[in-house]
There are 2 protein chains.
Amino acid sequence: MRFSARGHEVSVVDNFARRRWHQNNGTDSLTPIRSLDERIDAWREVSGHELRSFVGGIEDGDFLEQVVVDTKPQAIIHYGEQPSAPYSMANREQAVETQYTNVIGNLNLLFAMRDHVPGAHLVKLGTMGEYGTPNIDIEEGYIEIEHKGRKDTLPFPKLPGSLYHCSKVHDSTNIHFACRIWGLRATDLNQGVVYGIETEETAQDERLATRFDYDEVFGTVLNRFCVQAVIGRPLTVYGTGGQTRGFLNVRDTINCVELAVGSPADAGEFRVYNQFTEQFNVAQLAELVKEAAGHLDYEVGIENIENPRVEMEEHYYNATHTKLLDLGLDPSMLGEELVESMLHEIERNKDRVIAAAIEPKTRWKPAPTAEVAS
Amino acid sequence: MRFSARGHEVSVVDNFARRRWHQNNGTDSLTPIRSLDERIDAWREVSGHELRSFVGGIEDGDFLEQVVVDTKPQAIIHYGEQPSAPYSMANREQAVETQYTNVIGNLNLLFAMRDHVPGAHLVKLGTMGEYGTPNIDIEEGYIEIEHKGRKDTLPFPKLPGSLYHCSKVHDSTNIHFACRIWGLRATDLNQGVVYGIETEETAQDERLATRFDYDEVFGTVLNRFCVQAVIGRPLTVYGTGGQTRGFLNVRDTINCVELAVGSPADAGEFRVYNQFTEQFNVAQLAELVKEAAGHLDYEVGIENIENPRVEMEEHYYNATHTKLLDLGLDPSMLGEELVESMLHEIERNKDRVIAAAIEPKTRWKPAPTAEVAS
């Protein structure tokens, strides 16, 4: 919608996988999501612009190639991946599905670009979770290493924290390769944890609403805390809550994509931006939500529960994120006002909350089966 | 055969993919490879030991899980991958097949280990090609990085040189993850380029022969030069021949695997060995073969042809490889004597050489199609 509003011809490729995953999981977005056709109709009414749609899976290389041939894009924004860490950790089938969808879909795209639009700019959604929590500052994609009297600038080492995050590292490796060998141009947006409900475009009509997930599989932490506050449940902090991450408002995600597309990578360049605006730890977010919710007379408790993930709970974390600011990003900062506006929105859809979907069931390290213990 | 000879119970899993790829490609091993059943029969006759076999693909997670349940291995040696860089670069279908077979097969194995033999030791065939040719010394899997006053030991950054090599990087990432999160134990053998024809075991009976590939897709450079010398063709050096790599004799590969299995990684440890014994550049190998072949009265020319790969031809290369030596590896060094023995062996099978399969056809950077150029 952002690029369409700016007058670009935009095509959408979707296989409705996210809808299917939610359905199989018994969960749903808090905001009702209309069908793709209804959303396209609504956008035409609101903006006067036409969006073209292609329905199919990018794991089907022939289908994707045909889309690229038909549309000859100048920029491709690749959001078409399985995006949930818990989903990828639930069992072997979901782990395989995640790595298949993400790695093979992306590989098909690289071949379609090489063969049909080698000058196009790929803007790929990555994740800050590729880096993990190293004991040194995290740089934007690359690090200059001095070693035994010699120097090179090399890909920043990765310590991904789930099989989903591993799949994103694989994608980065494949895209970097395609840039180095085939001369493609790509920008990887290593995004932090997203919060918030609406963007400039979705706010124009409720039929344009984007997803607001708060469940244990697809939800993100601040969204979840806000929903817990509204339905009167304690905010469940995994472990001590000392886990620090980069965060950003969903409005900024769209601004970042627009900035990235506006300054294409050079031919052969694999550019990496760390796409977040502020660092917080989980305990700080819980306190912030408790405070803001208190102003609206919600009674909120905080509960530290056993961490279902395997991750460090107290660690060093300092990630560079200057490149998007240099391009002109003007961040929306997180504060009580923003949380209060989220709480208001959630209150409006309170009857849609599926409370049973919030508690974490997916464990990074499942208990040994009887057979293994024997 | 090595582990069986030492008295271990050994099972083999095979889906005959390498045979199928050769057949589709119109190529074959110089040494005739018997069927798996014939080889098992021959080994029983020679050694008195029984080998158990399972026929199926490791991409089938249920099949692989059942093999692990049936055999409860203490060590798993994972050689079951598509191993050719040119094969992975030929077209989209083969690139996808390579990454699917290698990444998903390995992922299925990690889940089977987690659920049924979490204490087993995975010994995985990696490749020195994961590192590429950085401008600093290559370490064994990890590097201590000092950055802005802080320090951490992190995975060595990777610059894989083909989509096959990318798939091996993906595997390393997944295995490292499984060790960190699930506490599995694994050793990655980042192997150099292999040369040579026989091992201690295969030399005992011609029915036990292992593969000797010299074609552009599955062959390795020294093997190819030796075949070219015997059939009276010039040794074809890709580009200037300044490409430096680590090399080892096929006899040493088996010794290295034995050493790795004999010293299992700790629970949670992802150990990495750089498995090669000497560094050479391609031009040096051509000179060596020319010299040795001269002693046997072969007239040998050297021809520098256009490099079908995208790679640096003049570069720094110094890779650490002390860990296997520390475990007791006693390397077979490469010299004229060894090359002469290879030439003798090739002479015996000279009538099996498929000369048309040697010239490189697979290009890393294919010429743009008419459509792209338009």
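**Figure 1. Strands β4(B) and β7(B) run side by side in parallel.**
This close-up comes from a predicted model. Strand β4 of chain B covers residues 121-127, and strand β7 of chain B covers residues 185-191. 7 bridges join the two. Look for L125(B): L189(B) in β7(B) stands opposite.

**Figure 2. Four strands of chain B make an open, parallel sheet.**
The strand order is β3-β4-β7-β11. At the edges lie β3 (75-78) and β11 (270-275) of chain B, each pairing on one side only. Neighbouring strands are turned against each other by 20° on average, direction ignored.

**Figure 3. A second open sheet in chain B has 3 strands and mixed pairing.**
Here the order is β8-β10-β12. The edge strands are β8 (193-195) and β12 (278-281) of chain B, and each pairs on one side only. From one strand to the next, the twist averages 45°. β8(B) pairs with strand β10 (residues 244-249) of chain B in the parallel sense, over 3 bridges. Within that pair, Y195(B) stands opposite N249(B) in β10(B). Helix α9 (residues 250-262) of chain B packs on the sheet. α9 touches β8 and β10 of chain B, and its direction makes about 80° with that of β10(B).

**Figure 4. Helices α8(B) and α10(B) cross with a right-handed sense.**
Two packed helices are described by the angle between their axes and the distance between the axes. Helix α8 of chain B spans residues 221-230, while helix α10 of chain B spans residues 282-295. Their axes come within 10 Å and cross at roughly 35°. From α8(B), the residues in the contact are V221(B), L222(B), F225(B), C226(B) and A229(B). They meet V282(B), L285(B), A286(B), V289(B) and A293(B) in α10(B). By class, this contact has 10 nonpolar residues, with no polar and no charged ones.

**Figure 5. Strands β5(A) and β6(A) form a hairpin.**
The view moves to chain A. Strand β5 (residues 142-147) and strand β6 (residues 150-155) of chain A pair in the antiparallel sense over 6 bridges. H147(A) stands opposite R150(A) in β6(A). Between the strands are 2 residues. K148(A), in the turn, has a positive phi of about 50°.

**Figure 6. Chain B can be laid on chain A by a turn of 180°.**
The shift along the axis is 0.0 Å, and the RMSD is 0.0 Å. The two copies are thus related as by a two-fold rotation axis. The same surface serves both copies, and 100% of the contact residues of chain B recur in chain A. The predictor gives the complex an ipTM of 0.97 and a pTM of 0.97. Chain A has a mean pLDDT of 96, and 98% of its residues reach 70 or more. Where pLDDT is low, the predicted coordinates should not be read in detail.

Notes. Residues are numbered from 1 along each chain as its sequence is written. Chains are lettered from A and ligands numbered from 1 in the order in which they are written. This is a predicted model: local features need pLDDT of at least 70, side-chain atom pairs count only at pLDDT 80 or more; totals for chains, interfaces and linings use all residues. Axes are lines fitted to C-alpha atoms, for helices over the stretch in contact, and angles run from 0 to 180 degrees between N-to-C directions. A crossing is left-handed if the near helix is turned anticlockwise from the far one by less than a right angle, and right-handed if clockwise. Two residues are in contact if their C-beta atoms, placed from the backbone, lie within 7 Å. Ala, Val, Leu, Ile, Met, Phe, Trp, Tyr, Cys and Pro count as nonpolar, Asp, Glu, Lys and Arg as charged, and the others, Gly among them, as polar. Two strands pair if DSSP finds at least two bridges between them. Copies are superposed by least squares on the C-alpha atoms of residues with pLDDT of at least 70 in both. pLDDT is the predictor's confidence in each residue, from 0 to 100.
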